[in-house]
Amino acid sequence: MDSILVTGNGPLNGRIPIAGAKNACLTLMPATLLSDEPLTLTNAPRLSDIRTMTTLLQSLGAEVTTLQDGQVLAMSSHDLNNHTADYDIVRKMRASILVLGPMLARDGHAVVSLPGGCAIGARPVDLHLKALEAMGAELDLRDGYVHAKASGGLKGGKVEFPFVSVGATENAVMAATLAKGTTVITNAAREPEIVDLVQCLRKMGAQIEGEGAGTITIQGVDRLHGATHPVVTDRIELGTYMLAPAICGGEVELLGGRLDLVGAFCEKLDAAGIDVTETRDGLTVKRRGDRVQAVDVVTEPFPGFPTDLQAQMMALLCTAEGTSVLEEKIFENRFMHAPELIRMGASIDVHGGTATVTGVDRLKGAPVMATDLRASVSLILAGLAAEGETVVSRVYHLDRGYEHVVRKLEAVGARIERISNQ
Ligand code: UD1
């Protein structure tokens, strides 16, 4: 298994291009199942999660062709010949559940494996299933699979989520586009990835209102047609690389960066002593003083501080002046990076969903292990400013969500290399 060697050094300077959003692409791809005409996505990120979704769609009979070095995905679901999403693929990636709503809406039946456990908590799919039931789906859970049927097609209904779920909102919106009548989703997720999905569905002929607000209304249509759509910028990749100059000093421009994607995150950066400025091509980040200040962070659904940036923010706060409290409100068990950061000399106390971080002068390089996608990149960020060498193992997590991480950080002056351990 490969590992990444990071040697702490000085300030970082230059530009980093930000890719299309993994999480948007993973919901835009299953949208191809809603139409028998081609759907083409541009600005797609080159990631192993995207390859897993490609394999899943192909297993259902969809054609997926990657063009322009993987940045364009040309898809067609003209000849779907299988309606079962197999455990072997679904277990690799929870987002696989997003094929359920579209397949059921289009053909009235679908069988999808339950995703199973996950390193960052239990992560059930009950809200996805309740939403589809509200549209008239009959569901049967057996042998680890959801067997879904909608004889005569899905019908518009009232979907009231007890709390916000990004994935359940996406499944519900896609399913409702082809349901008969009107569907109203309350307590819908407002993430930019949902807005991006709705914009794409609208190009395909869907009638949807209210995306980005808490209530989404969908008027079902008989069929959707083909479209071409650019994937929105990855706000998590953006936030991650914004932290590189915040931790190391220097000035880095994030190409394609947009303030509206990272508002709550930027407020915390400002409080920590980091300047973020809009430029013609994106955002520039620069630390104001020699050391950042402690800040408290609570993760929340969008527009709040994203859980997917919590681990990286913790890496920053490890060397802040003062004590910061990070509260994780979205997922249980999402502080697995803390023991690894402690191995690098950080002072962190975790109690339940709260981590208290007292800044130290400098972290020290150490061998550490990535436990999930965002944890792995937080360890790389910590290693960039640590004294000596940090070796991050289990980097396959990283390949799920960050394209060319070594190349992008090297380009701004980081000392980082991938070590292949065959
Ligand atoms: C998506 C993102 C993930 C991000 C998360 C929260 C994708 C592919 N992944 O995950 O990177 O961290 O949003 O911003 O887009 N829940 C239930 N029942 C359900 C569904 C969710 O209890 O049926 C719970 C989850 O366990 C979690 C919370 O709801 O505690 C929010 O999860 P959700 O928003 O659904 O996350 P995902 O869509 O899986």
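Predicted model: local features only at pLDDT ≥ 70, side-chain atom pairs only at ≥ 80, totals over all residues.
**Pairing around β9**

Strand β9, which covers residues 145-149, pairs with β8 in the antiparallel sense, and five bridges hold this pairing. β8 and β9 also form a hairpin with two residues between them, and in that turn D143 has a positive phi of about 55 degrees. Towards its other partner, β9 runs antiparallel to β7, again with five bridges joining the two strands. Individual residues can be followed across these pairings: D140 stands opposite H147 in β9, L141 stands opposite V146 in β9, and S113 has Y145 of β9 opposite it. As a general point, the strands of a sheet pair through backbone hydrogen bonds, and they do so either parallel or antiparallel.

**The sheet that contains β1**

Another open sheet is formed by four strands in the order β22-β23-β1-β24, with mixed pairing. Here β22 (367-369) and β24 (415-419) stand at the edges, and each has a single partner strand, so one side of each is left without a neighbour in the sheet. On average, and with direction ignored, neighbouring strands of this sheet are turned by 20 degrees against each other. Strand β1, residues 3-7, pairs with strand β23, residues 389-393, in the antiparallel sense over five bridges, and L5 stands opposite V391 in β23. Helix α12 (residues 373-385) lies across β1, β22, β23 and β24, and runs at about 25 degrees to β1.

**The surroundings of the ligand**

Which residues come nearest to the ligand, of the 19 around it? They are D126, L127, S165, D308 and I330.

| Residue | Atom of the residue | Atom of the ligand | Distance |
|---|---|---|---|
| D126 | side-chain N or O atom | nitrogen | 2.6 Å |
| S165 | polar side-chain atom | oxygen | 2.6 Å |
| I330 | backbone N or O atom | oxygen | 2.6 Å |

On its own the ligand has 740 Å² of accessible area, and the protein covers 85% of that area. The helices α5 (126-134) and α6 (166-177) each supply at least two residues of the shell around the ligand, and the largest share of this shell, three residues, comes from α5. Sorted by class, the shell consists of nine nonpolar, five polar and five charged residues.

**Local backbone features**

Two loops deserve a separate mention. In the loop between β18 (297-298) and α10 (310-317) lies P303, which is joined to F302 by a cis peptide bond with an omega of about 10 degrees. In the loop between β3 (39-42) and α2 (48-59) lies N43, a residue that is not a glycine and yet has a positive phi of about 60 degrees.

Technical notes: Residues numbered from 1 in each chain as written. Heavy atoms only, no water. Near = heavy atom within 4 Å. Polar contact = N/O pair within 3.5 Å; in protein donor to acceptor, adjacent residues only side chain to side chain. Areas by Shrake-Rupley, 256 points an atom, 1.4 Å probe, with all protein chains shown as cover. Nonpolar A, V, L, I, M, F, W, Y, C, P; charged D, E, K, R; others polar. Pairing = 2+ DSSP bridges. Axes fitted to C-alpha atoms, helices over the stretch in contact; angles between N-to-C directions. Contact = heavy atoms within 4.5 Å.
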